[in-house]
Amino acid sequence: MFIFGTKSNIKTLLKALLNHKYPFDSSVKHHVFIAIGLAIWIFIFLFFTEPLDVNEFSDTDKLIFLPLYGLLGAFSYLLFLPFQKFLFKKDKKQWFVKSELLFFFVFIIVSSIFARLFYLYAIVPDEPNPYSLGYHIKSILFPAFLTILPIIIIGRFSFGKYKNKQLALQKIEIKGEGNYEVCVCF
């Protein structure tokens, strides 16, 4: 027995939460705005906070590599728009919490692979001692996602809420007094 109820109650609650509608905007233009914002945020964050070994770069190297990290983040995000479209169509043009979580899970996994490959083959090629995979995930990628994901989540949620509001404003409401009068005219 759990504090919150039975195991089946928790499963029912979790299932209801995952199947709850989530604000979603399918506009590619708005997702491009999110990707541009992401690229700028990654560059600014890396340039001004100089996490880890960024301070060892020369100013020229910073202006070469840090925008590339930003563009890599934007590219990674835009790469998943077809996957997002697939999920949206699969769920009959509905977007749920589970759809958003699946999108983020796949995005994080593939983006981590891209970031690792970029680090190994562009940042430290031919270095004898690059960061180990475990250290790279724990000390670089995990903190990076903690700073990047809020920007994406807020952007996606905001555009989704805006789209839902626009759709609600387009609906026509006919108010009546509710007395079901019918006029039969001959």
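A cavity here is a set of grid points where a 1.4 Å probe fits but cannot get out, and its lining residues have an atom within 4 Å of a point. Keep in mind that this is a predicted model.

With that in hand, the largest cavity is lined by Tyr22, Pro23, Phe24, Asp25, His31, Glu100 and Arg156. Sorted by class, that lining has 3 nonpolar, 1 polar and 3 charged residues. The space inside the largest cavity comes to about 40 Å³, and a search of the whole structure turns up 1 cavity of 30 Å³ or more.

## An open pocket

Now for a pocket. The second largest pocket has a volume of about 200 Å³. Its lining includes Lys21, Tyr22, Pro23, Phe24 and Ser26, along with Phe88, Lys93, Gln94 and Trp95, and also Lys163, Asn164 and Leu167.

Helix 6 (residues 133–170) gives the largest share of this pocket's lining, with 3 residues. By class, the lining of the second largest pocket splits into 6 nonpolar, 3 polar and 3 charged residues.

Helix 2 (residues 28–49) supplies the largest share of the patch, 7 residues.

Take Phe33, which sits in helix 2. Is Phe33 buried or partly exposed? Phe33 counts as partly exposed because its relative accessible area is 47%.

How values were computed: Residues numbered from 1 in each chain as written. Predicted model: local features only at pLDDT ≥ 70, side-chain atom pairs only at ≥ 80, totals over all residues. Heavy atoms only, no water. 1 Å grid on protein atoms, 1.4 Å probe; cavity = no way out; pocket = protein on both sides within 12 Å on 5 of 7 lines; lining within 4 Å. Points joined across faces, edges and corners; volume = space filled by probe spheres on them. Nonpolar A, V, L, I, M, F, W, Y, C, P; charged D, E, K, R; others polar. Helix = DSSP H or I, 4+ residues; strand = E, 2+ residues; numbered from the N terminus. Buried < 20%, exposed > 50% of the residue type's maximum accessible area, 1.4 Å probe, protein only.
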